[in-house]
Amino acid sequence: MKHVNGTYQLWLIAVIQSFLVLFTAVTSFAQSQIQQFDDRIMLDLAASRTPGQTEVMLFLSKSYKYVDVGVPAGLLVGGIISNDKQMRQNAMYIASSTAISYGAMLLIKHLTKRPRPFVQNINIVPVYRASSTSFPSGHATSTFSTAMALSNAYPKWYVIAPSFLWAGSVAYSRMYLGVHYPTDVTTGAILGTGTALLLQPLKKL
């Protein structure tokens, strides 16, 4: 009986070890494929840059701070002036969503420490060399959080369409400028959007 139990344990250990080896190989392969996809997109974008497009992308990239702060600040001031409680609540909701999503992004950056594209691959030439780490994109995180929260607060097409067009343009600008991978901005967009959706009850407080 002891011999049977010993054989079973050895067999179980062997199965677990085989599974771990297979899982590691599959994970490494998937990461390699994702990295190749990211690098290919970044190289294509860098090769297609023009001076005019670069100026536009730099403007869009820099706009995120002003809009992220300006939207809730404007709503708060408007709510105070007009004594509109709902507008003030919307301001708090949008500001909270953007702040919390940005904090979560910083934590993920600290944990993952993914190098910037131009550090990972010397063939990727950026427009400028951003500091910090790459994953996820802070610009994409905060802009999509602002866009989603604003769209939830004011669900009209003339609010939703410009909000997401702006957020998407800012996210694209980060890839165009060579400072973020496609997977960085995609993850940031998901994180920002998800945070705004989770905090939606703040609109009704």
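Let me start at Asp-84, which caps the N-terminal end of helix 3, with a side-chain oxygen 3.1 Å from the backbone nitrogen of Gln-86. This is a predicted model, where local features need pLDDT of at least 70, side-chain atom pairs count only at pLDDT 80 or more, and totals for chains, interfaces and linings use all residues. Residues are numbered from 1 along each chain as its sequence is written, and side-chain values use heavy atoms, with hydrogens and water left out. Helices here are DSSP runs of H or I, at least four residues, numbered from the N terminus.

Helix 3 itself covers residues 85-112. Its 28 residues reach 41 Å from the first C-alpha to the last, close to the 40 Å expected at 1.5 Å a residue, the expected span being 1.5 Å times one less than the number of residues. Just after the helix, Lys-113 takes a positive phi of about 55°.

Now the buried side, where buried means under 20% relative accessible area, exposed over 50%, and partly exposed in between, with a 1.4 Å probe and protein chains only. The buried residues of helix 3 include Gln-89, Ile-94, Ser-101 and Lys-109. They pack against helix 2 (51-81), helix 5 (138-153) and helix 7 (182-198).

Tyr-93 is also in helix 3, and counts as buried because its relative accessibility is 0%. Its C-alpha lies 8.5 Å from that of Pro-201, 108 residues apart in sequence.

Over to helix 6, residues 157-176, which holds Phe-164. Phe-164 is partly exposed, at 26% relative accessible area. Beyond its neighbours within four places in sequence, Phe-164 is in contact (heavy atoms within 4.5 Å) with Phe-144, Ala-147, Met-148 and Ser-151.

Terms used. Helix = DSSP H or I, 4+ residues; strand = E, 2+ residues; numbered from the N terminus. Polar contact = N/O pair within 3.5 Å; in protein donor to acceptor, adjacent residues only side chain to side chain.
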